[in-house]
Structure formats: C-alpha cells, structure tokens
Number of protein chains: 2
Amino acid sequence: MRNIKLTIEYDGGRYLGWQRLGDSDKTIQGKIENVLSQLTGTDVEIVGSGRTDAGAHARGQVANFKTESDIELPAMQETLIRNLPQDIIVKKIEEVPERFHSRYNASGKQYSYYVWNETIPSAFERNYSFHYPEQLDLEKMQAACQKLIGTHDFIGFSALKKTKKSTVKTINNITIEKEGSLLHFTFVGEGFLHKMVRVITGTLLEIGAGTIELDSIDEIFESGIRSDAGITVPAQGLFLDEVYYD
Amino acid sequence: MRNIKLTIEYDGGRYLGWQRLGDSDKTIQGKIENVLSQLTGTDVEIVGSGRTDAGAHARGQVANFKTESDIELPAMQETLIRNLPQDIIVKKIEEVPERFHSRYNASGKQYSYYVWNETIPSAFERNYSFHYPEQLDLEKMQAACQKLIGTHDFIGFSALKKTKKSTVKTINNITIEKEGSLLHFTFVGEGFLHKMVRVITGTLLEIGAGTIELDSIDEIFESGIRSDAGITVPAQGLFLDEVYYD
C-alpha cells in the first residue's frame with residue numbers, strides 16, 4: 001500500500017472550508033478526493049492536517065492518502081493540477097512511509113493573518129485581508145503578543161464551549177509586521193483551537209485601537225470568558241502557511 | 001459648473017472593461033456613472049483617461065465629470081465607496097479647473113504586467129498574472145527592451161489594422177524585475193495603441209523563450225506585420241498603474 005503526501009495551496013474564497021461535508025461539492029477535501037477517486041478508479045479518502053474555516057486560505061495545507069494505484073507521482077500531480085479548479089493547486093507530491101499521518105504527526109503549524117489598515121479599502125486585498133481602518137498602537141500590540149506567547153488555556157480565545165478535552169495550547173511565536181498598508185500577523189504553535197487565530201487577531205486589533213485593555217489578556221486566561229476577548233476577524237484574511245513535521 | 005477628478009482602483013476580473021457599453025451593467029464606467037447619477041439626481045457622464053480591456057485591472061485610472069451638484073467631496077467619495085461593488089474603489093477625489101480633461105490632458109501612463117514564471121501555477125496569482133512556465137533568458141529580454149524604448153511605429157505590436165491615424169508612439173521606459181516567482185514588467189510611455197502592452201509583453205516572453213529572434217523587433221518596426229510579433233498575453237495580468245498630467 002502506497003502512502004502519498006500532498007502539499008496544497010488554495011484560495012478558499014469559494015469554498016465551505018477544507019472538510020468534506022456529505023456530497024457537497026463545495027469543500028477542498030471533497031474536490032481533491034473526487035479527482036483522486038476518478039484517477040485511481042477506487043474511492044479515495046484523504047486525511048488533512050486539520051480543518052480550515054469556510055473562506056480561509058492555505059499556502060501549505062498537508063494531506064495524505066493510501067492507494068494501491070501504481071500511477072507515478074509526476075503523472076498524479078499533473079492530473080490533479082489539470083482536473084482541479086484553478087484555486088486549488090497541489091504544489092508538491094511525495095511518497096512517505098506507510099505510518100505517516102498528516103494530522104497525528106503534525107508537530108506544529110504556522111498561520112498568517114492580514115489586516116488592511118487604511119481608511120480607504122483595497123480592491124485587490126478585499127478577499128485576502130480584513131479591512132480595519134482604526135489607528136493602531138503597534139507597541140501595545142507587540143506587548144500583548146508577549147503575553148500570549150507560551151503555554152496557556154486558550155478557551156477564552158476560541159469558539160469552543162467548556163469541554164473535557166484540554167484547551168491548553170502552546171504558542172511559540174507571534175509577529176506583527178507592517179507591509180505597506182497591510183499588517184501581517186504570523187502565529188507559530190504546536191496546535192490551535194477552533195477560531196483561535198481569528199479571536200486572538202481580533203483581540204490584538206482591539207488592544208491596538210484601545211477598546212480592550214492590555215491586562216485583559218491575563219484575565220481572560222484566568223476566567224476563560226470568550227466575551228471579554230475581541231471580535232472574531234473574518235476568515236478571508238487567514239492563511240495556513242505551513243504544517244511542520246519533526 | 002464643478003469639474004471633479006476621480007482616481008480609481010479596480011479589479012477588472014468581473015467586467016467587460018472600462019468603457020460603458022449601452023445599458024450593460026458590466027463595465028466600470030457604467031457602474032460609477034450609475035452611482036453618480038443617483039447621487040446627483042441628474043445623468044452624469046464621466047470621461048476616462050482611456051479604455052482598459054475586459055479583465056484588465058487599474059491601480060490609478062483617472063476620470064472626470066462635470067456637475068452642478070454642491071455635495072462636498074468627502075461625502076461624494078464615501079457614497080461612491082459605499083455604493084460601488086468592492087472591486088471598484090474611488091481612492092481619491094479632487095476638484096479641478098473646468099478645462100481639465102482626463103484623456104486630452106494625459107501626458108503619459110504607466111502599465112504593469114505580471115507573469116507567473118513557474119511550472120506549477122499559483123492559486124493566488126491566477127487572476128492577476130499570466131502563467132508562462134518556459135525558461136526565460138532575462139538578459140536577452142532586457143536587450144529587447146532597449147530596442148523597443150523610443151519613438152517607433154508600433155502598429156505591428158498592436159491589434160490595429162492599417163489606419164490613417166498615426167500609429168507612431170514613444171515608450172520612455174520598460175523594466176523587467178523578478179519578484180519571487182513573478183516577473184513584473186513596467187511600461188512608461190506617452191500613449192499606447194490598442195493591446196500594445198499585451199503584444200509587446202508576449203513578444204518579450206517569446207524572445208526570452210527563444211521562439212522569436214531579438215532582431216525580429218527591428219523587422220516588425222520596418223514591416224508593421226503583426227503576425228511576426230509574439231502572442232497577445234491575457235488581460236488578467238495587466239494593470240494601469242498611473243496616469244500622468246503635466
């Protein structure tokens with residue numbers, strides 16, 4: 001049995017997210033499985049490193065699948081590129097050991113989030129950023145990043161209800177860079193809760209705008225109260241950049 | 001009578017180009033005129049600096065219109081931004097002398113063209129570049145730029161048939177910069193014939209790929225024969241960057 005690893009770039013604007021939903025043709029997983037099933041002549045199920053939200057993008061989503069097919073990798077990649085819509089691109093295809101599992105073996109991920117920080121919106125960034133025109137105190141936002149980095153219970157910065165599963169996660173790094181009129185946030189961590197990157201970004205923006213206090217971060221870690229954190233910024237600014245494997 | 005100058009950014013992907021076509025709702029000029037006519041309560045006709053092709057983009061198209069309305073400029077801009085689709089943005093609005101005419105007074109223009117020069121296509125650049133995976137000899141292309149700069153009869157590098165109107169134009173500068181996997185071409189000139197930037201870019205690419213000889217440029221200037229020049233690259237890679245006024 002061959003185990004094939006895919007590295008996938010997608011513009012998620014037209015999709016309901018990564019994860020296949022029944023027979024819907026509107027998910028990235030579904031689109032890729034359809035092409036692979038046709039190509040190999042048997043039903044193929046692919047395992048992604050994790051879900052991405054409806055409308056969110058990826059530069060380096062990883063997935064793998066098992067197959068008996070002996071089609072060579074370059075031919076497989078060519079078929080995927082030719083038969084998938086132009087907004088889903090299989091950038092890399094590799095044969096990996098049979099035990100490789102793109103979700104269980106992932107040791108970390110990097111996400112980016114982009115904010116268009118101008119009064120006037122942008123025609124070109126509209127689908128790839130969040131338009132937030134407030135004046136921002138970047139130094140205060142950098143101080144907030146330092147508070148967020150580390151191992152904490154992030155439930156107050158997520159879309160999760162209290163659960164038996166641990167909501168303790170480790171963020172290794174957060175950076176904020178000004179790139180012209182865009183603010184580019186990056187998040188590196190071992191794992192992220194549902195909507196965690198979007199709630200943290202919203203909280204950082206509100207701290208920068210002055211509508212949330214810097215010290216609220218400690219309080220939210222303590223209380224776990226979601227409503228004390230900031231807005232959930234929209235999915236269109238979110239990119240899964242890379243999935244790490246040791 | 002007030003004369004108002006607009007500087008406009010648009011993602012042309014969904015449109016039939018700048019110029020209004022009858023009652024079609026599918027042109028950028030038409031969209032803007034509709035909003036201005038509603039706002040001022042009388043039919044407004046705007047004059048653009050020139051047409052842009054179906055699917056082509058602009059970072060700084062310029063247009064002007066005359067109006068008796070006394071609505072203040074900031075309110076006018078806000079209404080335009082709120083009522084136009086998100087892919088058309090009025091970046092700047094100014095009152096100009098009554099004699100200002102955005103086409104007649106334009107002294108030059110800058111265009112950009114982007115080429116995605118990788119084997120694997122890009123999900124994010126697909127609507128803003130031309131995917132051309134051939135290996136390119138950049139030095140030869142730079143030499144070709146030097147031949148094209150200057151005053152020449154560009155009819156062989158355009159979509160025009162022989163005409164009484166002069167097809168002599170002056171190109172002040174052409175640059176080609178590598179920006180990651182993108183090649184960024186810029187063209188500065190006093191004026192351009194229909195599809196001239198796209199035919200020149202196609203010719204430069206074919207010279208880089210070796211399917212057209214460098215010396216062909218001189219021959220095409222001499223003969224005016226369109227079929228000796230390169231392909232017309234698609235409009236989605238083309239941006240009108242700026243319109244110059246003395």
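Q: What makes E125(B) count as partly exposed, and where is E125(B) placed?
A: E125(B) sits in the loop between β5 (106-116) and β6 (130-131) of chain B, where helices (H or I, at least four residues) and strands (E, at least two) are DSSP runs numbered from the N terminus. Buried means under 20% relative accessible area, exposed over 50%, and partly exposed in between (1.4 Å probe, protein chains only). The relative accessibility of E125(B) is 24%, so E125(B) counts as partly exposed. The C-alpha atoms of E125(B) and A229(B), 104 residues apart along the chain, are separated by 26 Å.

This is a predicted model: local features need pLDDT of at least 70 and side-chain atom pairs count only at pLDDT 80 or more, while totals for chains, interfaces and linings use all residues. Residues are numbered from 1 along each chain as its sequence is written, chains are lettered from A and ligands numbered from 1 in the order in which they are written, and side-chain values use heavy atoms, with hydrogens and water left out.

Q: Why is E219(B) called exposed?
A: E219(B) has a relative accessible area of 51%, so E219(B) is exposed. Its place is in helix α5 (residues 216-223) of chain B. Between the C-alpha atoms of E219(B) and E190(B), 29 residues apart along the chain, the separation is 23 Å.

Q: Why is C145(A) called buried, and what is the relative accessibility of C145(B)?
A: The relative accessible area of C145(A) is 0%, so C145(A) is buried. C145(B) is at 0% relative accessibility and therefore counts as buried.

Q: How many disulfides are there over all chains?
A: A disulfide is a pair of cysteine sulfur atoms within 2.5 Å. By this rule the count over all chains is zero.

Q: What is phi of K195(B) near, and why does K195(B) count as partly exposed?
A: In K195(B), a residue other than glycine, phi is positive, near 65°. Its relative accessibility is 30%, so K195(B) counts as partly exposed. K195(B) is found in the loop between β9 (182-189) and α4 (196-209) of chain B.
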